[in-house]
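Subject: Structure handover and notes

Hi there,

Here is the structure I promised to pass on. Please open it next to this message, and my notes follow below.

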Amino acid sequence: MSKRKGSPPVKSTPHKRPTSVQHDDNEEDEDQDQDEDQDQLCTQEQIVAEVASDAGIVESITLKNFMCHSFLGPINFGSNVNIVVGRNGSGKSAILTALIVSLGGNAQVSGRGSSLKSFVKEGESSAEVSVTLRNRGKDAYKPELYGASIIIDVRLSHDGVRTYKLKSQNEQTISTKKEELALILDNFNIQVHNPVSVLNQEMSKNFLHSKGEADKYKFFMKATQLEQMKEDFIHIKATKNMTEEKMAQHGEYLKELRQKYLEKEDRYKSLSSVDEMQTKLEELQKQMAWALVMEIEKELEPLKEKLQANKQSTEKYDEKVNEWKNKVKEAEQKYKLIQEQLEGITQQVQELQPKCAELKAEAQNRGALFKSSEVAVHRCQVSLRDLERDKAHLSSKINDLQLSINRATGSARQARVESMQRINRHLEDLHHQTETLGQQISQYQHACARAKEDHAKIRREHDALKQSTEAHARNLRAVEGSRSNRLRRFGEHMPALLYAIQDAHKQGFFKHKPRGPLGYLIRLKDPEQALAIEVCLGSLLQAFTCDNYDDEKVLKGLMGRVLGPQSGRRPPIITCKFLPNVHETRRRAVNHPDYPSVLQTLEIDDPVVTNCLIDQRGIESILLIKNRAEACDVMISRKPPPNCYQAFSKDGDQVFADRCYAAEQTRANYLSGDVEEEIRHLQREVETQKSQASTLQRQMTELEEDIKQNERLEMEAQAEMKTAIDKATKYRLELSDLQNLEEPQLEDLKPLEEDLQEIVTKMAEENQKCEEARAQRSELKENYQKAEQEYNLHKERININVEKADAIKEDLIKVDQEVMKCKHHKKYYDDKRGGHLQSIQELEDTLGNKEQEVQVNVLKATQIWPERLQVKRTAKSLDTEISRLKVKLATQQDQEGDRHEIIREYRDALKKYKNTAQQMKNLNIFIKSLDRVMNQRLKVFGDLRSYLSARCIYYFSVTLSQRGYTGTMNFDHKNETLVISVQPGRGSEGDLVNMRSLSGGERSFSTVCFVLSLWGITDAPFRCLDEFDVYMDMVNRRISMDMMLQVAESQRYRQFIFITPQSMSSLPETDLINILRLKDPQRGQENQDEQL
């Protein structure tokens, strides 16, 4: 059909252009089975992907001395919709005519003249047209030569001669040949003679209502290029009939030539004499003897080559053995290194333990000293209270004496003394208050720090418990789902993943269907060993295995799409070659009379799964011993059984020849047989953890309340202390002022005052002692906290080392498995090398026997002829010819005739017969091949014609329905007629009328619908319509324009050029719609254009 894909108004795939008719047939069959209505059409058009314009569209055109225009352009076209508007004579139709002529069309196609010279402006010697075509994208024509655009310059002389210049984007002339233009047009699928691609004004008015039904059918055939295919088929059939007639004539002639050839051959064969035949017979017998020798020697050559090749391949086996030997050594060194790391960390932990105990004792000692300092502070406070009581007693006596003195000295002295006493009392009260508040603040701070530390610890426990609860909940959901589907034990998304794998395998994305999860494909003979096998296989239970890395990539893509990014850790994928049979493991498997191996405990139907577990885990060399004590006794106390490198107890404990590890897992998650018991266990675990989490949450809430309360009390105490300090400062200032007043001292008061001063001095000393005790208490407290912190840090170091040791243990297990795997491969290649050496020995024995047989035959041949002969024929053919010569010698008769003439005639007859026979054979092969191809193509032609007819009818009905019309198109392919009937408005099918009965606007609208239906089944980079709406009313014009714009919107890779005298002012200029308004014509030019 065409280079581009068909472009229906409903469905478009602009991303690529198929080049074969078969591809279109498949799409058309799918479309023909669908019965879609107008709503489906609109919906599908809205979801068509936007793509860039493709190669072949018209970028610009320039006219010079063309028709009645001295110069017009350059006119730049958009990549999608271009509407050329202007008055009569402005050059609208001249643009279309120039485009047709410049792209190889003749004058009759344009409808504007009878010859090319009529397009040259009157009074000028020539006309020129320049057209620029886009040359970008995958369909570009020689982009390295032409660039992004191809410029076609056409010159029309006044005598009707047309010349071309094909230029590159840089205006460099590339070619002047019309054949190059034809190649460019064929590459871009530009068909200016096809009215569906370029529909001029006259054709748009007449091709529906002025032509008969046969003409409409021819129009359809021409638009779809089926007419060209039909003419090609007719021409081929005529050529074939002529060839068959000639072959019939040559057949009799060939028989005559064969008869003459056989006669000449008989005469030629009878020319040799008896002596010559006898000599030839002897020569053949000599050749026969040495031919037998050579055949036996030829049998020796493949044996020697095979032996040499096997000896050379021995080096490869040696390299493989050495390679795996080195890998075993490296793995063992790695194992030893990791083991040394583990021992080093264990030694570090052991070395840190005494230091940790020492730090703990130091912290306890410092805690005891801190408590002792608190007792000393308390004693100082008690002593101060006693001194204060003594001070109060002396002060009372002094006051009494002063009272007596005051009575004698006057009321002023008495008032001053009372004021001083009152101030001292206030100062003492404030001193006691500040000490009490200081102790309270210290207690509040200590309580807050302790509560925050406890809260952080409980928070960590709560978070760890929450994660554990979520994990148990996921396991519970998986186990509950496994009631109906055991696959859900391996993950909630596992059934969907297996379905996706099955679907992808049916579609051919996998070379071999992946297997997995491996735990789902195995069964236990002994359910008590479920935990042991689960611990032994570990992550392999959830693993998948692929045959090759391409399948692995596809499987990873499926996992990413099905499991999603939030699924956490994905199942591992193991890539190894799928083999139809299970590995031979009798030599390397462990066989114990009392305990089975993992391989013996499992039931596996698929050999691929069995081989994978053997290769990855070595399950044939692992024992299952239910009792841990027995396992340690078998593996450690005694010498381990042959080929056994580790064992597992039923509780999951792992036992090696020199060590054992306890299992962290307590229950089987994937292989447990009792689903209900597993569900009950998980439910109890979840409830217990939820209860623990609630308790921890309640404790955190209580601690948070305590922290808030202590902080609030601390702030209140700080405020009270500040207030008390401010009051004490004020009272001291007042007391200082009162003491500075001079007063007469009585001798009786001096002893008491001295005692009071002594008490005050003692109180000062005691206060100093209290301050020192408090300072010592603070220092001891700080030391105690430092010791406690150092102890915690040391303990944390020990915990970190323990965690490192656990991680190294896991690495040690993996490396141990790697060691076993490397040993397995080394043993495999050792066995292969041994078998290979054995085959070499067998070949050497066979070769020796053959060489002895050759010597025997050489001895026999030398007896017949001593010199060795080089014989090219086989012994069988020589024996046949010897027998024929012997018979011929017995019956030979002389024949008369000239020898040279007989030989010449024989050679001529042979040559002529062979040449003629070969020609007949070639013609027969050609005709058979032509018949087969023609039958296939005629069938495809009929299917394609029916399919295009159905699509055309469908698109015609759909486009009519947008105006509320109904219509039908009846194709009669036998009589080659096309009947089009249309019913304006809603009506029954019986109301359909012929196109001639419609009004001008209705007929024009129907014309547009027919054009759109043909657009849907044909293809071209651009489409041109000249004054398609000239006979339409406003309603039909608007609907038709909307329909064509809708088609253009869905086909942005194609260019549309609409020529109309209408103003089109209602259409906006957008990125897709380009309205080109031509200037009004000069005076007189309009009449000239109309005359043309």
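A word on conventions before the rest. This is a predicted model, in which local features need pLDDT of at least 70 and side-chain atom pairs count only at pLDDT 80 or more, while totals for chains, interfaces and linings use all residues. Residues are numbered from 1 along each chain as its sequence is written, and side-chain values use heavy atoms, with hydrogens and water left out. Helices (H or I, at least four residues) and strands (E, at least two) are DSSP runs, numbered from the N terminus.

Salt bridges

Side chains of opposite charge can pair when their charged atoms come close. The structure holds 24 salt bridges, each being a side-chain nitrogen of Lys or Arg within 4 Å of a carboxyl oxygen of Asp or Glu.

E716 takes part in one of them, with R712 as its partner and 3.3 Å from N to O. Both residues sit in helix α18 (residues 675-739), four residues apart, which is about one turn of the helix. R712 is also partly exposed, since its relative accessibility is 42%. Salt bridges with shared partners also join K320, E323 and K327 into one network.

K167 pairs with D153, and their closest N and O atoms are 3.0 Å apart.

E976 and K230 form another salt bridge, where the closest N and O atoms are 1.9 Å apart. This pair links distant parts of the chain, 746 residues apart: E976 is in the loop between β17 (966-972) and β18 (977-983), and K230 is in helix α9 (residues 226-269). E976 counts as partly exposed because its relative accessibility is 29%. K230 is partly exposed too, with a relative accessible area of 24%.

Backbone details

E976 comes up again here: its phi is positive, about 60°, although E976 is not a glycine. K142 is another non-glycine residue with a positive phi, about 45°. K142 is in the loop between β4 (126-134) and α5 (143-146), and at 33% relative accessibility K142 counts as partly exposed.

There are cis peptide bonds to look at as well. One joins G73 and P74, with omega about -5°, and P74 is part of strand β2 (residues 69-76). Another runs from G516 to P517, with omega near -10°; P517 is in the loop between α12 (494-506) and β9 (522-524).

Buried parts

Which residues have the most contacts inside the largest nonpolar core? They are I83, F220, F1010, L1014, W1015 and F1058, in a core of 52 residues. Helix α21 (residues 899-961) gives the largest share of this core, ten residues. A second, separate core has 47 residues, including Y146, V154, L185 and V192. A nonpolar core here is a set of buried Ala, Val, Leu, Ile, Met, Phe, Trp, Tyr and Cys residues joined through side-chain atoms within 4.5 Å.

Helix α3 (residues 92-102) is mostly covered, with eleven of its eleven residues buried. Among them are K92, S93 and T97. After α3 comes G104, with a positive phi near 95°.

Surface charge

Finally, K360, K457, R460 and K795 form a positive surface patch. Such a patch takes residues with over 30% relative accessible area and no salt bridge, and joins like charges within 9 Å; Lys and Arg count as positive. The place of a charge is taken as NZ of Lys or CZ of Arg. K360 is in helix α10 (residues 274-409), and K360 counts as partly exposed because its relative accessibility is 41%.

Happy to talk any of this through.

Best wishes

Note on methods:
Patch = residues over 30% accessible without salt bridge, like charges linked within 9 Å, V, L, I, M, F, W, Y side chains within 5 Å. Areas by Shrake-Rupley, 256 points an atom, 1.4 Å probe, with all protein chains shown as cover. Buried < 20%, exposed > 50% of the residue type's maximum accessible area, 1.4 Å probe, protein only.
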